[in-house]
Amino acid sequence: MTMNYSSEISGFYKLSINERLALIKEKVGLTDEETSILKNFGYFKPEQMDILIENVIASYQLPYAIACNFMVNGRDYLIPMVLEEPSVVAAASNVARMTRKWGGFQSEKIPQVMIGQVQIVDIKNTEESVKEIEAHKEELITLANKQDPILIKLGGGVEDIEVRPLDTIKGPMIIVHLLVNVLDAMGANAVNTMAEAVAPYLEELTEGKVYLRIISNLATHRMAKCKATFDKEMLGGEEVVEGIINAYAFAKADTYRASTHNKGIMNGIIALTLATGNDTRAIEAGAHTYAALNGYSPLSTFKVDVNGNLVGELELPLALGIIGGLTKTHPLARISLKILGIDNAEELAQVAVALGLCQNVAALRALASEGIQAGHMRLHKRKEQKKS
Ligand code: MEV
């Protein structure tokens, strides 16, 4: 039975968790049993959750699983994954094994550089202003770097500044990009602070007005790229390889399919993003915008090698951190890094891109052979057997 209630509550955020819960219980008619489920914060203390976001009444749990058999750049990894979808982890573990004979996944080096955008409007002379900004790059860099002495000490900071005149529906603007090496952080905090710090000086230089000062999630200076060879026989033979190449051709030619193709990639990447306490929305935004840069396309590419094996490559921006925010405070995020055996952000992204490629092949393999429902049904059967 649904209840009619007013959603207008003033000062909800000022209440304690218990008071908020009691109010919601009364408003929507939660039972005692439902309330006690909400009261179970698991390994978190309610106070910890209460300071992460506003209006907290509970903590939400999902399965935490381990994908096996991964070798990336010659090292073995057990990969923690948080997600609700059956078959995904099993398929990734299964297909990861098919790369081992051919050296596993090769992930490239990833510069940890993020873009901070500053939007300048009402500029009198765009050309002159661009020159002015260019001429004062060094001062701007120094000013930005002053905001984060620790980052600078560790070798990070602003590496360059790009100046981009932009025609918009509101007239000409200049967009300044701060290219910031954020080292092991996702980077939003450092970059946003720096973008805000240089804004007044940019207004002075251009006699314009600054509005937005914010990180871009299209992290094209933080590209993760990997490659792997998937064994033909283990995949299920020539016909399955052919089916995967056909699936890839389909995705390249059709946006409706490309969307789902890329969703399969993100099944892996987002599960690891969550397991390590990173920002899933930032990763999704970056991935799909990158896929759309020249007309929405599959993020991966496939070909067949001389032995008939499948060779896959995946490239996407990956702004994953291991310090800051939830990555340090969420107990499972810390344990995830321990399971992975990782102590730097670059390596985390190198593993994530490998997992994305593997997940993609796992989905295409299932689709090109038995279909994905068979795997789901096997799991369903296991559940039924466990029940009886
Ligand atoms: C389901 O979560 C993911 C797939 O749809 C991906 C794909 O179609 O490639 C199976």
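A polar side-chain atom of Asn267 sits 2.9 Å from an oxygen atom of the ligand. The model is predicted: local features need pLDDT of at least 70, side-chain atom pairs count only at pLDDT 80 or more, and totals for chains, interfaces and linings use all residues. Residues are numbered from 1 along each chain as its sequence is written, and side-chain values use heavy atoms, with hydrogens and water left out.

| Residue | Distance to a ligand oxygen atom |
|---|---|
| Glu85 | 2.7 Å |
| Arg257 | 2.7 Å |
| Asn267 | 2.9 Å |

On its own, the ligand has 300 Å² of accessible area (Shrake-Rupley, 1.4 Å probe). The protein covers 88% of that. Helix H11 (255-275) and helix H15 (345-368) each give two or more residues to the shell. Helices here are DSSP runs of H or I with at least four residues, and strands are E runs of at least two. H11 supplies the largest share, 6 residues.

Residues around the ligand (a heavy atom within 4 Å) include Thr260, His261, Lys263, Ala363 and Leu367. By class, the shell holds 3 nonpolar, 4 polar and 3 charged residues.

Now helix H6. In H6 (137-145), Lys137, Leu140, Ile141, Ala144 and Asn145 are buried, meaning under 20% relative accessible area with a 1.4 Å probe, protein chains only. Down the axis of H6, the buried residues fall within an arc of 130°, so they line one face of the helix. The arc is taken from directions between the helix axis and the C-beta atoms. Their cover includes helix H5 (126-135), strand E5 (157-168) and helix H8 (188-206), with contact meaning heavy atoms within 4.5 Å.

Note on methods: Buried < 20%, exposed > 50% of the residue type's maximum accessible area, 1.4 Å probe, protein only. Polar contact = N/O pair within 3.5 Å; in protein donor to acceptor, adjacent residues only side chain to side chain. Nonpolar A, V, L, I, M, F, W, Y, C, P; charged D, E, K, R; others polar.
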